[in-house]
Amino acid sequence: MRSNDMGNSFTRHLMGDEQSAKLIAASQSGTFGAAIAGYALDHVFEDIWTREGLDQARRSLITMTVMVALRQPHEFGLHMGFALDHGMKLKEIEEALIQMLPYVGFPAISGVMPVAAKIIAERGLDKSEEYEGHRGLL
């Protein structure tokens, strides 16, 4: 596995110091799953996420869509955070969720809403003048 400084630098840019450090430490741990973390660093983040053609917010949006369809709320939350960090607006993420509704259904969207609400609260976005609140689906 390569896991060079360029890839490590990119993961810090994409996911911040804390998440990046966890992934790098996992890849270097020599424990069960270390190789998987290394492949994520080398191939997912270094090879794919650094390609030209899409900016980081759009890559996160695509990934969020896939995570909703796969019903992976934790991964959705990670990429929602990355998207916000790279300039995507909360309203754009909400519109993407609305766009997904007829294709993945209400249960899939409902599954990520608590994660989205937690991220909104943690980042203080619920205190913004632009934020109109969150009620959930039920």
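Is H79 buried or exposed? In this predicted model, H79 has 7% relative accessibility and therefore counts as buried (buried is under 20% relative accessible area, exposed over 50% and partly exposed in between, with a 1.4 Å probe and protein chains only). Residues are numbered from 1 along each chain as its sequence is written, and side-chain values use heavy atoms, without hydrogens and water. Because the model is predicted, local features need pLDDT of at least 70 and side-chain atom pairs count only at pLDDT 80 or more, while totals for chains, interfaces and linings use all residues.

H79 is part of helix α4 (helices are DSSP runs of H or I with at least four residues, and strands are runs of E with at least two, numbered from the N terminus). When neighbours within four places in sequence are set aside, H79 is in contact with W49, S60, T63 and M64 (contact means heavy atoms within 4.5 Å). The loop between α3 (56-69) and α4 contains R71. The phi of R71 is near 60°, a positive value in a residue other than glycine. R71 counts as partly exposed because its relative accessibility is 49%.

Two packed helices are described by the angle between their axes and the distance between the axes. For α4 (residues 73-85) and α6, the axes come within 9 Å and cross at roughly 40° (axes are lines fitted to C-alpha atoms, for helices over the stretch in contact, and angles run from 0 to 180 degrees between N-to-C directions). The two helices α4 and α6 are therefore oblique to each other (angles under 35 degrees count as roughly parallel, over 145 as roughly antiparallel, 65 to 115 as roughly perpendicular and the rest as oblique). In this contact, P73, F76, G77, M80 and L84 of α4 meet G111, V112, V115, A116, I119 and I120 of α6. The residues of the contact comprise nine nonpolar, two polar and no charged (Ala, Val, Leu, Ile, Met, Phe, Trp, Tyr, Cys and Pro count as nonpolar, Asp, Glu, Lys and Arg as charged, and the others, Gly among them, as polar).

Helix α5 (residues 90-104) also packs with α6, at an angle of about 165° and with the axes 9 Å apart; α5 is therefore roughly antiparallel to α6. From α5, L90, L97, M100, L101 and V104 meet F106, A108, I109, V112, M113 and I120 in α6. This contact has 11 nonpolar, no polar and no charged residues.

M113 belongs to helix α6 (residues 106-122) and counts as buried because its relative accessibility is 18%. M113 and F76 are 37 residues apart in sequence, and their C-alpha atoms are 10.0 Å apart in space.
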